[in-house]
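Subject: Structure for your review

Dear colleague,

Please find the structure below, with the sequence. My findings follow directly after it.

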Amino acid sequence: MNSTSAQHDTFVIERRLASSPARVFAAFADQKKKARWFGCVDGWEVAEHTLDFRVGGREVWRGGPPGDTPHRNDTYYHDIVPDERIVWSYAMQVAGMEGEPERLPAAKPPLDFHMAIDQATGIISGKWRDDSYPLPRFLWCNFTLTDSAMHEGGPHSEIAAASIRDSDARLGEILDAVERAGILDDTAFVLVADHGMEENDPAVNGDWDVPLKESGLTFRDEAYGFVYLGVS
Ligand SMILES: [Zn+2]
């Protein structure tokens, strides 16, 4: 049995470009302009670069070092607002995929794509992708959406509220799958979180240690919020 698993995480890349939004947009939308910066590695050959830049369209880039490992990049466009926004997802393959584009994973809009749910509900149902699974004795699902959204907008933002609604719906899908499997009464659910959040005043900062030392107290400062008085 060949099983693969996915680890999901979130990261943010910010770039400020010294150019107008229209020019930057054109650098993505126009194949000739995009070819000037996309997939160009010194010494690599480009075997194919086609760009169907519209919602639902696809971009294919194939190439690599001559006579060596072929690379392939398939990009799918999900949302386009001229000069403002481009939402896409892509699958990048290194070697072994030449002539087999149908094996590439069907791209779904990234906004509703969450492998944890597909995987968890599939495994609970007894089948996920091409493999069969026994009922799990322990299943762990990681939801990163609330953390990402609250870091992005703060704990009381609209995006934070939306992330809670979305995560709540995802939990509901798991509960439904457990119920369908007939094991709801035999299953214990444990819900844990990594950390909470509160809004603070960015102007108020500094270190506990300074006023505590000035006051002559004996203390040990282990980390934020963990100050032990009377010990050193
Ligand atoms: Zn966090």
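Asp 83 counts as partly exposed, because it has 13 C-beta neighbours inside 10 Å, and a residue is classed as exposed only at 12 or fewer. Asp 83 sits in the loop between strand 3 and strand 4. Its phi is positive, at about 65 degrees, although the residue is not a glycine. Please bear in mind throughout that this is a predicted model.

Ser 20 lies 63 residues from Asp 83 along the chain, yet the C-alpha atoms of the two are separated by 8.9 Å. Ser 20 belongs to the segment before helix 1 (21-29). With 10 C-beta neighbours inside 10 Å, Ser 20 counts as exposed.

As to the overall architecture, the protein chain has six helices and eight strands. Along the sequence they follow the pattern α-α-β-β-β-β-α-β-β-α-α-α-β-β. Buried residues make up 6% of the 232 residues in the protein chain. Of the contacts with a separation of 6 or more, 34% are between residues 24 or more positions apart.

Strand 3 (residues 71-81) pairs with strand 4 in the antiparallel sense over 10 bridges. Within this pairing, Arg 72 stands opposite Gln 93 in strand 4. In a regular strand, side chains alternate between the two faces of the sheet.

A further antiparallel pair is made by strand 7 and strand 8 (residues 226-229), which are joined by four bridges. Here Phe 219 stands opposite Leu 229 in strand 8. Strand 7 (residues 219-223) is hardly covered, as the count of buried residues among its five residues is zero.

Turning to helix packing, how are helix 4 and helix 5 oriented relative to each other? Helix 4 (residues 145-153) and helix 5 (residues 158-180) pack at an angle of about 175 degrees, and their axes are 8 Å apart. An angle over 145 degrees counts as roughly antiparallel, and the two helices are therefore roughly antiparallel to each other. On the side of helix 4, the residues that meet helix 5 are Leu 145, Thr 146, Ala 149, Met 150, Glu 152 and Gly 153. Their counterparts in helix 5 include Ile 159, Ala 160, Ala 162 and Ile 164. The residues of this contact divide into seven nonpolar, four polar and three charged.

Finally, a word on confidence. The mean pLDDT of the protein chain is 82, and 86% of its residues reach 70 or more. Among the elements, helix 1 has the highest mean pLDDT (95) and helix 3 (residues 115-125) the lowest (81). Over residues 97-114, pLDDT stays under 50, and the model has 16 contacts beyond four places in sequence for this stretch. Where pLDDT is low, the predicted coordinates should not be read in detail.

With kind regards

Definitions and conventions: Residues are numbered from 1 along each chain as its sequence is written. This is a predicted model: local features need pLDDT of at least 70, side-chain atom pairs count only at pLDDT 80 or more; totals for chains, interfaces and linings use all residues. A residue is buried if 20 or more other C-beta atoms lie within 10 Å of its own, exposed if 12 or fewer, and partly exposed in between; C-beta atoms are placed from the backbone. Two strands pair if DSSP finds at least two bridges between them. Two residues are in contact if their C-beta atoms, placed from the backbone, lie within 7 Å. Axes are lines fitted to C-alpha atoms, for helices over the stretch in contact, and angles run from 0 to 180 degrees between N-to-C directions. Angles under 35 degrees count as roughly parallel, over 145 as roughly antiparallel, 65 to 115 as roughly perpendicular and the rest as oblique. Ala, Val, Leu, Ile, Met, Phe, Trp, Tyr, Cys and Pro count as nonpolar, Asp, Glu, Lys and Arg as charged, and the others, Gly among them, as polar. pLDDT is the predictor's confidence in each residue, from 0 to 100.
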